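Hi,

Here is the structure I said I'd pass on.

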Amino acid sequence: LSLLVCRLKSSISFLTRPDRPNLAYHKLKGRNPGIVFLPGLNSNMNGQKATALEDFCNSLGHAFVRFDYTGCGSSDGKFEECTIGKWRKDVLSILDGLTDGPQILVGSSLGGWLMLHAAIARPDKVSALVGVAVAADHLVTAFKKLPIEVQNEIEEKGEWKFPTKHNEEGYYSLTYDFIREAENHCVLNSPLPITCPIRLIHGMKDGDVPWQISMQVADRVLSKDVDVILRKSGQHRMSEKEDTKLLVNTVDDLIDKLATLA
């Protein structure tokens, strides 16, 4: 099945929340388990992995949701004012407001960190997890590896220019407060009360998020049904044709698995 179908510019919907910025999303109705895609840092719901999964769910008749975090993509809010805690609440808003029944969460990079939080907060709803280059705790860990004088300088300036190859500036601007707040959401320091099936895909040529993080996640979760899939030549984005195929097949297998468990 070719995924190169011309996509009409799909209309964006908004999840309105009384006390928080509105979240842009796109939803396919269909059967359960539904699939929810969580993008990475400074990414949005129009990436290749999200749209490939949408095509796949469409062909199978499964429900699917992709969305933008507060301050990202088409959602309301300012990126500069965002925190891991706010984005975590975004994920829970999407799960509570747009999905019914069991869901498979697919989290890319930062989305992989957030999906772990969602699985802990909504154990009855989250029935499986697929991580792609999971970046659990990564921003905090990277910050703490900096020389102490650099950390102090960032604290004084209030800004960290976090290096990246994924935009023209060559960095993402994060506030010192963002890092401080993120420390409250670190998950790798203790066992994680997650018992659903988990698949963690990671490229060994990932220059952004070390593949060892996926191993740490596998080690920390209580679930016994955990596979780590390492691609020797995989990069961070994991959006080569073969990478996308692996992702779709992994989700497909989990759908089958959940059907037999049900």
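Start with helix α1 (residues 48–60) and helix α8 (residues 241–261): their axes come within 10 Å of each other and cross at roughly 45°. Axes here are lines fitted to C-alpha atoms, for helices over the stretch in contact, with angles running from 0 to 180 degrees between N-to-C directions. That makes α1 and α8 oblique to each other (under 35 degrees would be roughly parallel, over 145 roughly antiparallel, 65 to 115 roughly perpendicular, and the rest is oblique). On the α1 side, the contact (heavy atoms within 4.5 Å) is made by Q48, K49, A52, L53, F56 and L60, and on the α8 side by T244, L247, V248, V251, D252 and I255.

**The whole chain**

Overall, the protein chain has 8 helices and 10 strands (DSSP runs, numbered from the N terminus: H or I of at least four residues for helices, E of at least two for strands). Its C-alpha atoms fill a box of roughly 55 × 40 × 35 Å along the principal axes. Of contacts between residues at least 6 apart in sequence, 72% join residues at least 24 apart. Buried residues (under 20% relative accessible area, 1.4 Å probe, protein chains only) make up 51% of the 262 residues.

**Before you use it**

This is a predicted model: local features need pLDDT of at least 70, side-chain atom pairs count only at pLDDT 80 or more, and totals for chains, interfaces and linings use all residues. Residues are numbered from 1 along each chain as its sequence is written, and side-chain values use heavy atoms, leaving out hydrogens and water.

Cheers

Key: Buried means under 20% relative accessible area, exposed over 50%, partly exposed in between (1.4 Å probe, protein chains only).
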